[in-house]
Amino acid sequence: MRIFKKTKQKTTNKQETTTTQRRGASQWAVGWRRFKRNKAGLAGLFIVLFYIFIALTSQWLAPYPPRSYLPLYQGEAGQPPSWKHPFGTSKAGLDVFSEVLHGARGDLYVGVGATAVSVLIGLVIGAIAGYLRGGAGDFILMITQVFYTIPLLPLILLFARVFMILVAQGFGLTLILLLLGFFGWSTISFVVRGEILRIRELEFVKASQALGASRWRIIFHHIVPNTLTPVIITASLLIAGNILTEVVISFLGFGDANTSTWGITIQEGITYMRTEWWTPVFPGLATLFAVLGFNLLGDGLSDALNPRLRD
Amino acid sequence: MEPLLDVKGLKTYFFTEAGIVKAVDGVDFKVEKDETVGLVGESGSGKTVTSLSIMRIVPQPGRILAGSIMFEGEDLLAKSEDEMRKIRGAKIAMTFQDPTTSLNPLYTIGSQLAEVIREHNKDLSKKQVTEQVIKLLEMVRISEPELRIKAYPHELSGGMKQRIAIARALACGPSLLFADEPTTNLDVTVQAQVLSLLKDLRQKEKMSLVMITHDMGIVAEVTQRVQVLYAGMVAEVADTRSLFKKPSHPYTEALLQAVPRIDQRKDLKVIPGNIPNLIDPPSGCRFHPRCPYAQEICTKKVPPLEVTDNGHLVACHFWRNLSLAGA
């Protein structure tokens, strides 16, 4: 066993002589070096950065404001892609290109925001479940499992419909964001709980306890920061899932009718798919690449940061 | 002179779902000032739990049920958690087995050493703390300490990590250090370095050292006194030289026989069987199922700790009759 370990170390040393010579590299710096070598992960990162850029600047980039039927009044409804309308216009007169750009804003808002809510809830609940032993911890774990098992989409559709009547229109996206966030924390919670169960048994936790560190310090300075790596990986994959779910919700007509999202544009165009393919295809492709980008990024992060896959 | 540490009748049980594990069951343990004591036994004999109990950091579901722990004349079991925190690290410190996980991978070694110093000396300036960190690194013979304080644990070798862990334990000049198997996960040459370092530091820093180990070679090399534990109870306590020359407990003999010797072409003697299940330990002497000299009485009566002619403390019914082989 020992011999095996040594030979393994030697080969990796050869590969990383250039990197190990530099001093003072944190785990993150090492992770970034490993990430850089992963082409798929890097592609994911560029896609994600591109989408974020679009989302932040869509109001200046897009030739038409969100949900604007101006092309209809210009007599340009239902046109195929052209220089004026790069992605064509819908039957009702939407400029698809503008809608895709504005949709990036709406869908990233929901995808990232809902994930942030889930991470916050998941971190707290997972940390408590991992820290408490016995009955209380088991109970929290059971609740987490319930949230994990219930089919989310019908539930969210139901809530979206119920609250849509109550909430003033215009908060529709935020409502979906909150619903996705409040129901989607279970995976994060599992990850955090598992990591805490693992990390609390590591010797540096015992060592800092033996050297007089307070319980508070041990949890928040030593244990929780060590769970962040898998949380970031899971969150990246969760963003992809949330974007996709939002597109489905909007496509099914449960979204916010006054805000541009990819789902709502796909829905508008799907009936005329045979003759005017451009209306559903471009927002569909936008969704595809967004989900792909976040998934590639998550996989790349996982390869670069996951200690179990480390050579 | 009163001993630095005087533990009497310590009982630490773990209340698991499978039953009550009597990990430490009535252990007496004494450490004098400026001495090195070996705490010896197989895995599961209660060495580590004894030391964790003394620091009062027994993990759940373990609890200290009985006993007294007098340290520098004060009863540690009577102290509040806050008072204990001020003692841990400052007066009693501990290093752990596995150098690969005993340092937090997220922080530089400099900040991890500084953390301990600051915890116990709140009024030191940043510069003073850094100076002290560098001094500590020099003390454990780390080259280029000014550069190394910015290194992360994964950039160091196992031996260096263990030396950093020792430096961290010594950061506040404790009077008692528990070293829990400090060399188990290290290469042989590095083991020797760490051992000689511990030996030197113990003398220089005027502290007492408790070596927790199952390696009789280490015991012979660094300790003055040995306490042998078996299944949560004391088997034998003796002066190291005299223990190696003439053990009084059959378990000690078995431990000594299980050490490979280069000068004798003999098959290695293995202790038959395993350490007993501590939920339902054997009746009478806990060693009797594995003991070659066991007789009827051993299965029934727990042997009391008695003083032998050569000054050993031994828990065996037959210490008078046995003539056991040393190393």
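A: Let us begin with a term. A residue is called buried when its relative accessible area is under 20%, exposed when that area is over 50%, and partly exposed in between. The model before us is predicted.

Q: How much of helix 11 of chain A is buried?

A: Of the eight residues in helix 11 (residues 203-210) of chain A, six are buried, so this helix is largely enclosed by the rest of the structure. The buried ones are A:E203, A:F204, A:V205, A:A207, A:S208 and A:A210.

Q: What covers the buried residues of helix 11 of chain A?

A: Both chains take part. The cover includes helix 10 (186-199) and helix 12 (215-251) of chain A, as well as strand 6 and helix 6 of chain B. After helix 11 of chain A comes A:G212, which has a positive phi, near 95°.

Q: Where is confidence lowest in chain A, and where is it highest?

A: Begin with the average. Chain A has a mean pLDDT of 84, and 88% of its residues score at least 70. The lowest value falls in helix 2 (residues 17-20) of chain A, with a mean of 40, while helix 4 (residues 39-61) of chain A has the highest, at 93. Over residues 1-23 of chain A, pLDDT stays under 50, and the model has 16 contacts beyond four places in sequence for them.

Q: What is the area buried between chain B and chain A?

A: The size of an interface is often given as the accessible area lost when the parts come together. Here, the area buried between chain B and chain A is about 2700 Å², and carbon and sulfur atoms give 55% of it. On the chain B side, B:F96, B:L106 and B:E115 lose the most area to chain A, together 20% of what that side buries. The contact takes 26 residues from chain A and 36 residues from chain B.

Q: How many salt bridges cross the interface of chain B and chain A?

A: Side chains of opposite charge can pair when their charged atoms come close. The rule finds one salt bridge across the interface of chain B and chain A. It joins the side chains of A:R217 and B:E115, at 2.9 Å from N to O. Between chain B and chain A there are also eleven residue pairs in polar contact.

Q: Which element of chain B gives the most to the side that touches chain A?

A: Strand 6 (92-95), helix 3 (109-120), helix 5 (145-148) and helix 6 (158-169) of chain B each supply at least two residues to that side. Helix 3 of chain B gives the most, with four residues. By class, the side of chain B that touches chain A holds 16 nonpolar, nine polar and eleven charged residues.

Q: How many salt bridges does the rule count over all chains?

A: The count over all chains is 19 salt bridges. One of these salt bridges pairs A:E99 with A:R67, at 3.5 Å from N to O. A:E99 lies in helix 6 (residues 96-131) of chain A and A:R67 in the loop between helix 4 and helix 5 (70-73) of chain A, so the pair ties together parts that are 32 residues apart in sequence. Both A:E99 and A:R67 are buried.

Q: Which parts of chain B does the salt bridge of B:E72 and B:K91 tie together?

A: In this salt bridge, the closest N and O atoms of B:E72 and B:K91 are 3.9 Å apart. B:E72 lies in the loop between strand 4 (62-71) and strand 5 (74-75) of chain B and B:K91 in the loop between helix 2 (81-87) and strand 6 of chain B, so the pair ties together parts that are 19 residues apart in sequence. B:E72 is partly exposed at 34% relative accessibility, and B:K91 is partly exposed at 36%.

Q: Where do B:R141 and B:D200 lie in chain B?

A: The side chains of B:R141 and B:D200 meet in a salt bridge at 2.6 Å, N to O. B:R141 lies in the loop between helix 4 (126-139) and helix 5 of chain B, and B:D200 in helix 7 (residues 188-204) of chain B; the pair links distant parts of the chain, 59 residues apart. B:R141 is partly exposed at 42% relative accessibility, as is B:D200 at 32%.

How values were computed. Residues are numbered from 1 along each chain as its sequence is written. Chains are lettered from A and ligands numbered from 1 in the order in which they are written. This is a predicted model: local features need pLDDT of at least 70, side-chain atom pairs count only at pLDDT 80 or more; totals for chains, interfaces and linings use all residues. Side-chain values use heavy atoms; hydrogens and water are left out. Contact means heavy atoms within 4.5 Å. Buried area is the accessible area (1.4 Å probe) that two parts lose on being put together, summed over both. A salt bridge is a side-chain nitrogen of Lys or Arg within 4 Å of a carboxyl oxygen of Asp or Glu. A polar contact is a pair of N or O atoms within 3.5 Å; within protein, one must be able to donate a hydrogen and the other to accept it, and residues adjacent in sequence count only if both atoms are side-chain atoms. Ala, Val, Leu, Ile, Met, Phe, Trp, Tyr, Cys and Pro count as nonpolar, Asp, Glu, Lys and Arg as charged, and the others, Gly among them, as polar. pLDDT is the predictor's confidence in each residue, from 0 to 100. Buried means under 20% relative accessible area, exposed over 50%, partly exposed in between (1.4 Å probe, protein chains only).
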